[in-house]
Amino acid sequence: MASFCCRATTLVLVCSCLLLLLQEASGAPRCDKHDQEAPKNCRYGTTLDWCKNGVCAKGPGETCGGYRWSEGKCGEGTFCSCGICGGCSPFDGKCGPTSIC
């Protein structure tokens, strides 16, 4: 009887994990391209998007964040807070707001 309970518990856990994975995968954006190189002339450096494509990073005062970083990621020396890149960029010395939501 104890082995039946153990098997049933294991089956329930496996099914739950599979359902969670399917739910997460269905919410993920579809990618037409993967692993593309970043442009060479990015003002604030480069970063990777959701599909692992190289993209230009955002700078101080520019929008960032969003669902799966749809609005972009901040470059080196900056951080995303309240949807705006804050901190100071080592590329041009420009600084953005440093408020935290």
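Predicted model: local features only at pLDDT ≥ 70, side-chain atom pairs only at ≥ 80, totals over all residues.

Mentor: G87 stands opposite G96 in β5, and strand β4 (residues 84-88) pairs with β5 in the antiparallel sense over two bridges, where pairing requires that DSSP finds at least two bridges between two strands. Strands here are DSSP runs of E with at least two residues, and helices are runs of H or I with at least four, both numbered from the N terminus. The open sheet has three strands in the order β3-β4-β5, with antiparallel pairing; β3 (78-81) and β5 (95-96) stand at the edges, each with a single partner strand, so one side of each is left without a neighbour in the sheet.

In the loop between β2 and β3 is R68, which lies over the face of W50 at 4.2 Å from the ring centre (NZ of Lys or CZ of Arg within 6 Å of the ring centre and within 35 degrees of the ring normal). The side chains of R68 and Y67 are joined by a polar contact of 3.2 Å, that is, a pair of N or O atoms within 3.5 Å, one able to donate a hydrogen and the other to accept it, with sequence neighbours counted only if both are side-chain atoms.

Residues are numbered from 1 along each chain as its sequence is written, and side-chain values use heavy atoms, leaving out hydrogens and water. The protein chain averages a pLDDT (the predictor's confidence in each residue, from 0 to 100) of 82, and 70% of the residues score at least 70.
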